[in-house]
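Here are my notes on the model you sent over. Have it open while you read, and go through the points in order.

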Amino acid sequence: MDNNQLKKHIAETGYNVGYTAKLHFASFEMIEKIPGIISFISMAFGVYTLAFSELSTKFMSSTLLVLGLTGIYISMKNGDKNSYEVKGRILTGLFNELKHLMTDAKTHPEETESISAQLKDIENKYNENCASNHIMFASWLGHYKFFWEQQIEWIAEYRPFGFWRDKVPLTLWVTVFTLLIIILVNSPVLTRPICNLVNLIIN
């Protein structure tokens with residue numbers, strides 16, 4: 001491949017490696033922190049219900065039950081916590097190597113073959129250090145960590161990022177869209193005219 005293709009390939013690999021590294025750290029942080037946050041919220045709510053009896057509603061009780069189940073789900077992944085951290089550190093190291101490799105590709109275009117061989121070696125290490133599954137919704141935190149905390153200008157130079165396509169997870173869009181439909185369907189402003197129209201047609 002020529003030098004421009006090589007730089008584009010390095011950028012694409014940098015995106016894959018960098019995002020995956022942040023995804024591993026996102027899973028690690030969620031396992032590490034969320035159970036404690038859930039415990040604090042549950043205890044705080046329990047204290048407040050002693051002072052304000054109106055807080056003891058079915059909705060709040062159900063919410064706390066869901067939080068408890070979420071804590072159990074995350075605790076089941078506790079055995080993978082150290083693995084996520086170790087793999088995240090390895091992948092971060094590969095990400096930094098790719099950044100240096102991009103600099104070499106720019107300053108030494110005559111060494112394309114040597115740089116390409118190094119790139120393949122990094123890709124092999126990347127494939128060996130990816131966890132097969134992650135905590136639910138870790139991709140949302142991973143996106144935030146990669147696009148808003150990581151320095152990725154060197155990647156964007158050869159692999160531009162779109163806000164709607166890349167920077168916001170698809171699952172987040174689906175979730176927001178689903179919630180909007182639920183809200184609209186249950187909104188009297190929308191449902192009343194529809195019911196009136198249906199009754200008018202039937203009668």
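**Notes on the predicted model**

1. Tyr144, Trp148, Phe163, Trp164, Leu170, Trp173 and Val174 make a nonpolar surface patch of about 820 Å². Patch residues have over 30% relative accessible area and no salt bridge, with nonpolar side chains (Val, Leu, Ile, Met, Phe, Trp, Tyr) joined within 5 Å. A salt bridge here is a side-chain nitrogen of Lys or Arg within 4 Å of a carboxyl oxygen of Asp or Glu. Areas are Shrake-Rupley values with a 1.4 Å probe, and for residues only the protein chains shown count as cover.

2. Before going on: this is a predicted model, where local features need pLDDT of at least 70, side-chain atom pairs count only at pLDDT 80 or more, and totals for chains, interfaces and linings use all residues. Residues are numbered from 1 along each chain as its sequence is written, and side-chain values use heavy atoms, leaving out hydrogens and water.

3. Helices are DSSP runs (H or I, at least four residues), numbered from the N terminus.

4. Trp164 sits in H7 and is exposed at 60% relative accessible area (exposed is over 50%, buried under 20%, partly exposed in between).

5. Thr13, in helix H1 (residues 3-51), is buried at 5%. Skipping residues up to four places away in sequence, Thr13 touches Leu98, Leu119 and Glu123 (contact: heavy atoms within 4.5 Å).

6. Asn129 lies in the loop between H4 (112-128) and H5. Buried or exposed? Asn129 is buried, at 15%. With residues up to four places away in sequence not counted, Asn129 touches His24, Lys87, Ile90 and Leu91.

Notes: Patches are made of residues with over 30% relative accessible area and no salt bridge: like charges are joined within 9 Å, nonpolar side chains (Val, Leu, Ile, Met, Phe, Trp, Tyr) within 5 Å. Helices (H or I, at least four residues) and strands (E, at least two) are DSSP runs, numbered from the N terminus. Buried means under 20% relative accessible area, exposed over 50%, partly exposed in between (1.4 Å probe, protein chains only).
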